[in-house]
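Trainee: I have a model open and want to learn how to read it. Can we go feature by feature?

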2 protein chains.
Amino acid sequence: MFHDQSGTLFHRVSRWHMPSTTSRRRRRSVPLSKERLIAATIEILDAEGEDALTFRTLAAHLSTGPGAIYHHVASKAELLMSAASRVISVAIDGSSGEQNPVAALRATAAAVFDAIDAHPWIGAQLTREPWQLAVVQMLEAFGRIFRELGVAKLAQFNTASTLVHYVLGLAGQYAAGARTLGSRTDREAFLLGVTEQWRQLDASTYPFVHSVAEGFEQHDDRKQFLAGVDVILAGALSR
Amino acid sequence: MFHDQSGTLFHRVSRWHMPSTTSRRRRRSVPLSKERLIAATIEILDAEGEDALTFRTLAAHLSTGPGAIYHHVASKAELLMSAASRVISVAIDGSSGEQNPVAALRATAAAVFDAIDAHPWIGAQLTREPWQLAVVQMLEAFGRIFRELGVAKLAQFNTASTLVHYVLGLAGQYAAGARTLGSRTDREAFLLGVTEQWRQLDASTYPFVHSVAEGFEQHDDRKQFLAGVDVILAGALSR
DNA sequence: ACCTGAACACCGTTCAAGT
DNA sequence: ACCTGAACACCGTTCAAGT
């Protein structure tokens, strides 16, 4: 719950942006800026989910009209890319410092997972634009570690991008789960619904899925994610 | 280009649905059905891209009104899930038959890649709803092979879902690339633009990205994808 | 230069009215 | 039962008008 630096950071900042009349009045005295827009975007996405972020709600949050936003960002896509990149850089920067490269890789991956857990809308966003800055930041962080690990020159990009794609795929599924969940119900109920659907599939055409259905409800997403990281790490070191 | 069974299949079917007046008149004599809606959906997505599929264009394509669609599917989300699942099952079914499990895994993964290549809109769709049927179908296909490979019982789900997430992540990036591309320009121009952006990043904060930027333009997406599959396969077998 | 908010050109979905 | 298409409640974005 609290293993995300960026989550707590933005949580602290968010008191400034509470929709109380006092703070809203204080807010209007400061001019709009891209920074302010990104902060408000992250706040709304975290608190109310992806569907809640429209240029109308964002503008209302900042006590202005939707048109004002276009003086600081070119489009909603640019705003979302900037918000995602912000969250990912905070996560990656906060996880650096490990000396052992294997530990560093796990720490970085875990930090990214925790950022996605705290801001599940990122999962959908990273898929919306290809090779956006947030994705390149991950490639850089992972690639540098694989190089330190002594992975051969040509394999460095292969292994790093494999890990990046794995993270993106998991982030996407995670975000989709959070979206269909609404922010209230807990994740176990969602997983229970998933296994319920799995059990209703024909057992002879889906034997594997049936065999893993039991026990899936109480599986630990974070542990599961890190297990996948270790599979890729083992594969990278096996040549 | 032609390594996708589903692609050619739907291409052949698509003559029925050409927007010529004759076929459109012939079409109206047949009642609407979910099957027909799915076929038309895939057709429009393949030919015109994700943005072109609206319930208005789909209805016009079938010479009816948008409301008629709701007699056969509950929502646009359901229609897209069904379309994705259709494409994935055709791809997976067409790739079965390999006896050697390692060859089978590579063949299945390649078939899924080719399906994504032929229908890039799938990449975005698979991220839209969590654990939708198309994703479960991949989990089943991969999981069964990992079991055959002798992966330990507890690791079977780990390794299979790692591979599924990797495929989903790559599919998402691929689809995003295809979307920003428009369907006409070739992929090399897109990759050139990506590396151009990479080169403009600060070289001291992005040393790894800079080091892999050269040569990235002419990299082979399919080969790259299969290299990642082999990394995960090696990791799965390394314990 | 920056902001405002009505207006434009769309969406997915609903629903009264038809056959 | 199935279809039709106008209407509803929204979007992101634009732009004339203000300060």
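Trainee: Through which surface do the copies meet?

Mentor: Keep in mind that this is a predicted model. To answer, compare the interface residues of the two chains. Here, 100% of the interface residues of chain A are also interface residues in chain B, so the copies meet through the same surface.

Trainee: What rotation superposes chain A on chain B?

Mentor: General idea first. Two copies of a chain are related by a rotation about an axis and a shift along it. In this case the rotation is 180 degrees, with 0.0 Å of shift along its axis, and the RMSD is 0.0 Å. That is the relation of a two-fold axis.

Trainee: Now helix packing. At what angle do helix α6 and α8 of chain A pack?

Mentor: Read the angle together with the distance between axes. Helix α6 (residues 101-118) of chain A packs against α8(A) at about 165 degrees, and their axes are 9 Å apart. Angles over 145 count as roughly antiparallel. The two helices, α6(A) and α8(A), are therefore roughly antiparallel to each other. Their crossing is left-handed.

Trainee: Which residues make the contact?

Mentor: From α6(A), they are P101(A), A104(A), L105(A), T108(A), A109(A) and V112(A). From α8(A), they are M138(A), A141(A), F142(A), I145(A), F146(A) and E148(A). By class, the contact of α6(A) with α8(A) has 10 nonpolar residues, 1 polar and 1 charged.

Trainee: And in chain B, how do α8(B) and α9(B) pack?

Mentor: Helix α8 (residues 133-148) of chain B meets helix α9 (residues 153-181) of chain B at about 135 degrees, with axes 9 Å apart. That makes α8(B) oblique to α9(B). The crossing of α8(B) and α9(B) is right-handed. On the α8(B) side, the contact residues include V135(B), M138(B), L139(B) and F142(B). On the α9(B) side, F157(B), L163(B) and V167(B) are among them. The contact of α8(B) with α9(B) divides into 11 nonpolar, 4 polar and 1 charged residues.

Trainee: Last topic: charges. How many salt bridges does the structure hold?

Mentor: Side chains of opposite charge can pair when their charged atoms come close. Over all chains, the structure holds 14 salt bridges.

Trainee: Which side chain does R144(A) meet in a salt bridge?

Mentor: That of E140(A), at 2.9 Å from N to O. Now place the pair on the fold. Both R144(A) and E140(A) lie in helix α8 (residues 133-148) of chain A. They are 4 residues apart, about one turn of the helix.

Technical notes. Residues are numbered from 1 along each chain as its sequence is written. Chains are lettered from A and ligands numbered from 1 in the order in which they are written. This is a predicted model: local features need pLDDT of at least 70, side-chain atom pairs count only at pLDDT 80 or more; totals for chains, interfaces and linings use all residues. Side-chain values use heavy atoms; hydrogens and water are left out. Copies are superposed by least squares on the C-alpha atoms of residues with pLDDT of at least 70 in both. Contact means heavy atoms within 4.5 Å. Axes are lines fitted to C-alpha atoms, for helices over the stretch in contact, and angles run from 0 to 180 degrees between N-to-C directions. Angles under 35 degrees count as roughly parallel, over 145 as roughly antiparallel, 65 to 115 as roughly perpendicular and the rest as oblique. A crossing is left-handed if the near helix is turned anticlockwise from the far one by less than a right angle, and right-handed if clockwise. Ala, Val, Leu, Ile, Met, Phe, Trp, Tyr, Cys and Pro count as nonpolar, Asp, Glu, Lys and Arg as charged, and the others, Gly among them, as polar. A salt bridge is a side-chain nitrogen of Lys or Arg within 4 Å of a carboxyl oxygen of Asp or Glu.
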